[in-house]
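Hello,

Here is the structure I promised to pass on. Have a look at it first, and then read my notes below.

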Amino acid sequence: MYYSDELIEEVRSKSNIVDIIGERIGLKQKGREYWCCCPFHNEKTPSFHVIPDRQMYHCFGCHAGGNVYTFLMQYENYTFQEAVKYLAERAGVNLPDTRESDEDIKKRDRRYRLYEVNKAAAAYFHYILTKTRQGELGREYFEGRGLSPETIGKFGLGYIGQERNGLYNYLKSKGFDDQILMDAGLVQFSEKNGISDVFWNRVMIPIVDKNSKVLGFGGRVLGDAKPKYVNTKETDIYEKRLNLFALNLARRTRRNGFILCEGYMDVIAMHQAGFDNAVASLGTAFTEEQANLLRRFTDTVYLAYDSDEAGRNATLKAIKILRDYGISQRVINMKPHKDPDEFIKALGSDAFLERIRDAIPGRMFEIDDLMSGKNLNDPEDKTEAMHGAARQIAGIEDSAKRLNYIESVCERYKLDVDTMKSITAKYFGAVKDAEMVRERDAELRREKKEFQNNDITLHEAMMLTWFINDTSLIGKLKNEITEDDFTEEIYRIILRDIYSQYENTGNVNPAAIVDRYDDVDNQKLIAKILNSNPKYDSEEKRDRIITDLIKKIKLTRIEDQMRKVSDGAELNRLLGELKKYKNYIFKY
């Protein structure tokens, strides 16, 4: 779907980027800009800033950046067209009916059909469970788990019997073709059996996104057959690592924080018990993407994983991921029971609420886990334990909190406070040094990737940066630097837009340049150029930098042309240009 450049610019100009971003993440004003920790990568010191004058944002850490469209595409996973529609509706701009390309229509229709077929399958499973005789096995299972009819309805739970093509026949009768059924992961084909249902003899749990659209299913077998759970394969609309079970319900909770569980049934039992802030990962280990999703809705997560060794290991991994994303972690003690479902059935909701109140910080859980294998009466073990605890505490940035942890750990395990302070101080220094090295290495890798270690590409980008930051240079150099001098097509287009805007208005609107592109990667690259600030400490240094840029760009273009030309007169002309720019000096 295509909109005119004028309409795209009208919608963008009526959408204040500070308001749009500020509604989703906390911004703090510093001077004429707004700052916060970047929502797109892990960091402790804010490097993400929003520039109202340019109506753009940029992160100095991961180089995410762009205008208001880019942000919605990155943060909300909107397409460019969806971002335009959202902002137009918000700004009261009427969008005209526009024609989509055949490819756009095909992609949109495919995603629509995937959502529709999953919705139809969910209705089928729920009907079989609640309205038919063959659903009795499923009803007995859920009743045995203590689930009420209201909970079954709330989660849209279902059942599918032992017939191998019941779902297939039903969906075919609704007009869905074989290809979309296979693409959705609902049916499978084999030479031996032909087309058959993927799910059979299972209770069915719909997996929905944060907006309550059905993405896929988890099917739990009745009996002891393996595998216990079969989950929908990843499709065009479903990626496990990007979603959380029951987030559509938990996002509306009034309780403090979210409770992160291991499985579907734990979450369902928790919601029935009144803990409507429970979610779970989808048949995989907890991921960074899920942590990033969680922090849009909460700053505190209570971990309620199984109390066995596998659950303990999963808890330790989740703590690290949540910490990296700036989310406070607390661990709920489920013992003597295995999981939240068992605990609530045995001891009730009030007892579980007490466990939530008594949940320990993630770092203390890590230290307790470390200490559990040590004999503190043994000097070697005790020394090793103190160093291990000190390494954990050294990761705490706040000095007061670091001291409080030292005192708590020493009191808990009867360790000497002064000795622990000394050890922790050494590790804290090492942690800061390591962080600086990691940040420097990451920055180098990002720069190398962005510009592919291409010297001329870097010079072209820097030239554009100078034009954006000092528009008076455009008047001085627009006849000197032309788009033909640039090797990268995207940079030629940016230069053309800069010159055009300057000629028409006497100024440059960076956010409008980003509007040209509906691809996030291009928008990020352009935003990095348009938001960079040239550094110089004197006019002489400024002139020398610009001189070097012009010489590099012009000489590269001339030398490239000389390699291709065979005409003598043209070669002589290029030699004259070559001599000119070898001796070129820019004066502001």
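**What I found**

L260 stands opposite L303 in strand β14. Please keep in mind that this is a predicted model.

L260 belongs to strand β12, residues 258–261, which is covered on both faces. F258 and L260 are buried on one side, and I259 and C261 are buried on the other. In a regular strand, side chains alternate between the two faces of the sheet.

β12 has parallel pairings to describe. With β14 (residues 300–303), β12 pairs in the parallel sense over three bridges. Strand β13 (residues 278–280) also pairs with β12 in the parallel sense, over three bridges, and here C261 stands opposite A280. To get from β12 to β13, the chain passes through helix α11 (residues 264–272), and this β-α-β crossover is right-handed.

Now to another part of the model. Five strands form an open sheet with antiparallel pairing, in the order β1-β2-β3-β4-β5. The edges are taken by β1 (28–30) and β5 (65–66); each has a single partner strand, so one side of each is left without a neighbour in the sheet. For β1, the pairing with β2 (residues 33–36) is antiparallel and runs over three bridges, with K30 and E33 as bridge partners.

Helix α24 (residues 520–531) packs on this sheet and touches β3 (48–51), β4 (56–59) and β5. The direction of α24 makes about 90° with that of β4.

Conventions: Residues are numbered from 1 along each chain as its sequence is written. This is a predicted model: local features need pLDDT of at least 70, side-chain atom pairs count only at pLDDT 80 or more; totals for chains, interfaces and linings use all residues. Side-chain values use heavy atoms; hydrogens and water are left out. Buried means under 20% relative accessible area, exposed over 50%, partly exposed in between (1.4 Å probe, protein chains only). Helices (H or I, at least four residues) and strands (E, at least two) are DSSP runs, numbered from the N terminus. Two strands pair if DSSP finds at least two bridges between them. A crossover is right-handed if, with the strands pointing away from the viewer, the path from the first strand over the helix to the second runs clockwise. Contact means heavy atoms within 4.5 Å. Axes are lines fitted to C-alpha atoms, for helices over the stretch in contact, and angles run from 0 to 180 degrees between N-to-C directions.
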